Amino acid sequence: MGLLAGSTVMLITVIWGSCVVVGRCDLRDSLAIDGTNIKGFHLTETGVSTDIWTCYAARIMAISVVPFVIVQLPQALSSTSGRHLAVLIALIVSLSMLVSYCVYQIFQPWIQRRRLAFVKHKHVISGILRHLKKQALGKLLTDAGEPNAEIIEKLFDTIDENRDGNLSASELKAFIIGIRFEEIDLDSDDAVRKVMADFDTSLDSRVQKMEFVEGITKWINRAKRTGGSYLEPNSETFKFIDRFHEQTKREHDLLGSEEQSDETVEGVEDPRWTSFKAVLMLLLGTIIAAVFADPLVDAVDDFSDATSIPSFFISFIALPLATNSSEAVSAIIFASRKKKRTASLTFSELYGAVTMNNVLCLSVFLALVYIRGLTWDFSSEVLVILIVCIVMGAFASFRSTFPLWTCFIAYILYPFSLALVYVLDYVFGWS
């Protein structure tokens, strides 16, 4: 249990903080600029940015401590009768969370593509509205902030190249290409299909003038609900369209969808075989962990006795350092590329490793305790895991940019955790 706690603590304190240090870039408008580090070690103007999926990984990590809370409840309530039952319930919950997490990992790419497609279409909507606003010279809306149908009809006429009173797919494509969506990797054909689906209520593959007016009106009202109806200073026009565009751009950035030439993900040749192999590897790892759990504990005790090194130091510092060394090196090297994409992957891997510690490794440990009828007596280790996972999980769940000063929070948590376990075990005799 000491190795599990020590590994978890090291991953999201020392290694997490080191990734912030080596991956720092200059911050502009609360976002890290890829590959730029002119400001050196400035505590507030340098840092790293991650995508929204990394925030989700941090939330999952925080939720994964639930089995620890369950198994610790009888001791917290000073009850001795329900401890064995609590171990069983925690084991069932932990296994359920493990299966759920694996299923989430399988479907996450599909979810991510759907979210990205939705935000890209939203970006097309905001771009078209901004373009029409400029073409209308600020008259796209009435003085009351409502869509100006007369102006929208005139804008329709400028797009209708053959003057037949309908917009074909080719005319819409020419219009969309002319706007030049430089901020996103836009598939113009896909954009045309989605715009046509929004506007073409008669399903005749053409957009009539009334359908265009109704569609633009619907988009404007949607932007108004999102951006708010704020008047621009010294102007009769409203700026919620610009606010809607900025918000959509930020959502797109948070999804981490920018092209990365050096991190192109290739398609999997045989997804079923890959999934089956992953399950086999997971089961094999579980069996190895269960078989070698006792020998590992005996080896730690024997080594501690032979070298006169406290077992606390070996289990909480030496072994986690050895087991996490390859992951630490790869995470730091990856973070040093100073890109949002690599930073997101690095921190997601750290949160994922902690989550697997909290569900997979704990499941093996709980199974051994339950089958052998052992007593659960690891209050100090559980407390440390709860503190670190909840603090770092809450900290990383609701922000995507981490200035350099945040690394000190992670660094401070490491000696604090070691000192807390040592004092609780060796001074107050918790274990």
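Me: In this predicted model, which residue of β3 is the bridge partner of D26?

Reply: As a general idea, the strands of a sheet pair through backbone hydrogen bonds, either parallel or antiparallel. In this structure, the partner of D26 in β3 is T46, and β1 (residues 25-28) is joined to β3 by two bridges, the two strands running antiparallel.

Me: In what order do the four strands of the open sheet come?

Reply: The order is β2-β1-β3-β6, with antiparallel pairing in this open sheet of four strands. The edge strands are β2 (31-32) and β6, each of which pairs on one side only.

Me: Turning to the helices, at what angle do the axes of α2 and α15 cross?

Reply: An angle over 145 degrees counts as roughly antiparallel. The axes of α2 (residues 52-63) and α15 (residues 379-397) come within 8 Å and cross at roughly 155 degrees, which means that α2 is roughly antiparallel to α15. The crossing in which α2 passes α15 is left-handed.

Me: Which residues of α2 and α15 meet, and how do the residues of this contact divide into nonpolar, polar and charged?

Reply: From α2 come C55, A58, R59, M61 and A62, and they meet C389, M392, G393, A396 and S397 of α15. The residues of this contact divide into seven nonpolar, two polar and one charged.

Me: How should I read the angle between α2 and α14?

Reply: Here the cut-off lies at the other end, for angles under 35 degrees count as roughly parallel. The axes of α2 and α14 (residues 340-371) come within 9 Å and cross at roughly 15 degrees, and therefore the two helices are roughly parallel to each other. Here, too, α2 passes α14 in a left-handed crossing.

Me: Which residues make the contact of α2 with α14, and what are their classes?

Reply: On the side of α2 the contact is made by T54, A57, A58, I60 and M61, and on the side of α14 by S344, F347, S348, Y351, V354, T355 and N358. By class, this contact of α2 with α14 has seven nonpolar and five polar residues, and no charged residues.

Definitions and conventions: Residues are numbered from 1 along each chain as its sequence is written. This is a predicted model: local features need pLDDT of at least 70, side-chain atom pairs count only at pLDDT 80 or more; totals for chains, interfaces and linings use all residues. Side-chain values use heavy atoms; hydrogens and water are left out. Axes are lines fitted to C-alpha atoms, for helices over the stretch in contact, and angles run from 0 to 180 degrees between N-to-C directions. Angles under 35 degrees count as roughly parallel, over 145 as roughly antiparallel, 65 to 115 as roughly perpendicular and the rest as oblique. A crossing is left-handed if the near helix is turned anticlockwise from the far one by less than a right angle, and right-handed if clockwise. Contact means heavy atoms within 4.5 Å. Ala, Val, Leu, Ile, Met, Phe, Trp, Tyr, Cys and Pro count as nonpolar, Asp, Glu, Lys and Arg as charged, and the others, Gly among them, as polar. Two strands pair if DSSP finds at least two bridges between them.
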